Amino acid sequence: FVRYLPTLASLGARVLLGVPSELLRLFQNMKSPIEIIKPNDPIPEFDYHTSLLDLPQLLNTSLETIPSYESYLQAPSDLTNIWADRLGPRTAFRLGIVWAGNPKHKHDRDRSIEATLMRPLVEITGISIFSLQVGRGGEASEIFGDKVVDIAPILNDFADTAAALSNLDFIVTVDTAVAHLAGALGCRTRTLLPFIPDWRWLLERNDSPWYPSMQLLRQPQRNDWQTILDQVHTELTTIANRDKNV
């Protein structure tokens, strides 16, 4: 929802944004006239306060007028270069995967999947796989062995995650923070959705008015992850075979 802040600023407002530490480095890199308030900073005087999620209504935007950009966030360029070195030479098409969200989310059991369901994607030859799955220490290595590079342990904040994503070619993720970050960065993303999704994903469409670079894959019925993972597998296999023949 930070996409709405430039619109607010264009109306003549001085915009102050309170930012948690995990997002600080990423939002400090925003190309917009927004003043960032760090945690524990004294808060300057202000006339109005609102939450980000109220801005669509306050700015009178509709589904058709959501401020939509190819990207509206960028990883700091120096950090992107650091992550390019960390990931090493590019020898194959790079896929990032995330299979679970925060277990404290009240609907997490609907949106997260078992890591083993991602195994067919990992078995595709000709693709380098990177796990961005935080909060599941050691699970990537336990399930996938050395076929997946687990970069989660060195993701310190959302700026690190953004820089890592910017060095990948394709993201497959469940509905969690990485999906929104990848969309905000303009990464080529496939988001796996439960039969009854979060309201932001709407219904009966495979695109997103929020993120032009994203396609949505929806469960055709409750708990049926296999059908949409099969679709992803087919697409990635086609990409791998195409790159092999180039």
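This is a predicted model: local features need pLDDT of at least 70, side-chain atom pairs count only at pLDDT 80 or more; totals for chains, interfaces and linings use all residues.
1. Contact here means heavy atoms within 4.5 Å.

2. Helix H9 spans residues 177-185 and is mostly covered, with eight of its nine residues buried. The buried residues are Val178, Ala179, His180, Leu181, Ala182, Gly183, Ala184 and Leu185.

3. The partners of these buried H9 residues include both helices and strands: they pack against helix H2 (21-27) and helix H8 (158-165), and against strand E3 (93-98), strand E6 (170-174), E7 and E8. After H9 comes Gly186, which has a positive phi, near 80 degrees.

4. Seven aromatic pairs turn up in a search of the whole structure. One of them joins Trp201 and Tyr211: the ring centres are 6.2 Å apart and the planes meet at 50 degrees, so the pair is tilted. Trp201 and Tyr211 both lie in the loop between strand E7 (189-193) and strand E8 (214-218), 10 residues apart, and the pair is a link between distant parts of the chain.

5. Because buried means under 20% relative accessible area, Trp201 qualifies at 1%, and Tyr211 qualifies at 5%.

6. Two further aromatic features deserve a look. Phe1, Tyr4, Trp199 and Trp210 make up one aromatic cluster. At Trp83, the ring face has Arg86 lying over it, 4.8 Å from the ring centre.

Definitions and conventions. Residues are numbered from 1 along each chain as its sequence is written. Side-chain values use heavy atoms; hydrogens and water are left out. Rings of Phe, Tyr and Trp (its six-membered ring) pair if their centres lie within 6.5 Å; planes under 30 degrees apart count as stacked, over 60 as edge-to-face and the rest as tilted. Helices (H or I, at least four residues) and strands (E, at least two) are DSSP runs, numbered from the N terminus. Buried means under 20% relative accessible area, exposed over 50%, partly exposed in between (1.4 Å probe, protein chains only). A charge sits over a ring if NZ of Lys or CZ of Arg is within 6 Å of the ring centre and within 35 degrees of the ring normal.
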